[in-house]
Amino acid sequence: MFDNIIGNDTNKKILRNTIESNNISHSYIFSGISGIGKFLFAKEFAKAILCSDSKNKPCNKCKSCESFENANNPDITIIDEKDNSIKTQNIKELAKDILEKPIQSNKKVYIINNSENMTKEAQNSLLKTLEEPPEYVVIILITNNENLLLNTIKSRCIKISFMKLSNDEIKEYLNRNSISINNNIFKAIGGSIEKAIILQDKQEIYEEVEKVFSNIENMNELQILGIKETVFKDKEEVYSILDYINTIFYDKILNNINNINKYEKCIEIIEETKLRLKGNSNYDMTIDNLLLSIERSMANG
């Protein structure tokens with residue numbers, strides 16, 4: 001159980017003990033940043049819950065396990081709306097299905113991925129189910145931001161926190177899957193395998209970011225503004241790039257004890273830029289302002 005999942009060994013022990021002791025709660029929250037394996041953990045946990053073997057769960061041999069692997073187990077339901085809100089209707093359909101007893105197993109498992117995308121109305125609807133769930137029901141909420149979940153929901157769930165993966169754990173995953181990533185890119189990964197996979201196709205951008213901002217002190221205004229077309233042309237990648245630039249400035253702070261004010265100011269500028277972008281400010285103007293502000297900080301440092 002969990003043998004093919006990298007990292008979060010403490011959670012593996014917790015969930016294994018839960019299965020072995022048959023002390024399964026009605027509701028869980030799996031919380032942590034995106035891309036660290038929460039969904040994989042939830043699926044493996046669900047598979048073990050539904051397994052009919054009395055000792056080795058999941059056995060990968062029983063009818064439940066085989067149908068689970070073939071994605072046609074009738075006792076597992078997954079709601080996964082990554083980019084769209086999870087509306088009241090989704091939860092009402094879930095609540096209706098919950099009233100029907102299991103078909104293959106003694107339990108029914110419901111996984112709501114990206115559960116922070118539930119509207120407030122949907123969360124209130126789910127709360128009714130969490131207050132009095134049938135004894136055979138297990139609900140697993142997966143979230144990248146538990147602060148967006150109602151406190152009344154959180155209070156009725158067992159919370160399991162998932163940690164960022166170490167560089168060694170990420171490298172182990174990449175090696176297993178024959179994925180190659182430049183060592184410098186690990187600064188932008190932030191402990192997320194998902195991000196590592198995404199960034200493998202964008203290494204050239206991050207290498208350019210590293211090249212430019214490692215040498216930012218020696219660039220003039222014209223040169224700094226000139227990087228906009230190379231570094232910031234991908235709007236969808238802008239937040240990751242800004243985070244990566246911050247890691248470069250943090251490194252500079254650590255290595256320039258007597259001259260840190262200008263780097264701290266640059267980090268503030270980047271954080272302000274993120275807020276402006278999230279507030280739907282004009283993209284080109286915001287990036288121009290970012291670059292000019294960084295140039296002034298360097299000149300006045």
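Let me begin with the side chain of S67, which makes a polar contact with the side chain of N73 at 3.2 Å, a polar contact being a pair of N or O atoms within 3.5 Å where, within protein, one must be able to donate a hydrogen and the other to accept it, and where residues adjacent in sequence count only if both atoms are side-chain atoms. Please keep in mind that this is a predicted model, in which local features need pLDDT of at least 70, side-chain atom pairs count only at pLDDT 80 or more, and totals for chains, interfaces and linings use all residues. Residues are numbered from 1 along each chain as its sequence is written, and side-chain values use heavy atoms, with hydrogens and water left out.

S67 itself lies in helix α3, residues 63–69, helices being DSSP runs of H or I with at least four residues, strands runs of E with at least two, both numbered from the N terminus. With a relative accessible area of 7%, S67 is buried; buried means under 20%, exposed over 50%, and partly exposed in between, using a 1.4 Å probe and protein chains only. Leaving aside neighbours within four places in sequence, S67 is in contact with N72, N73 and Q104, where contact means heavy atoms within 4.5 Å.

Turning to E100, this residue is found in the loop between α4 (88–98) and β3 (108–113), and it counts as partly exposed because its relative accessibility is 48%. Not counting residues up to four places away in sequence, E100 touches K108 and Y136.

Finally, the cysteines: a search of the whole structure finds 0 disulfides, a disulfide being a pair of cysteine sulfur atoms within 2.5 Å. For C51, the nearest cysteine sulfur, that of C59, is 3.6 Å away.
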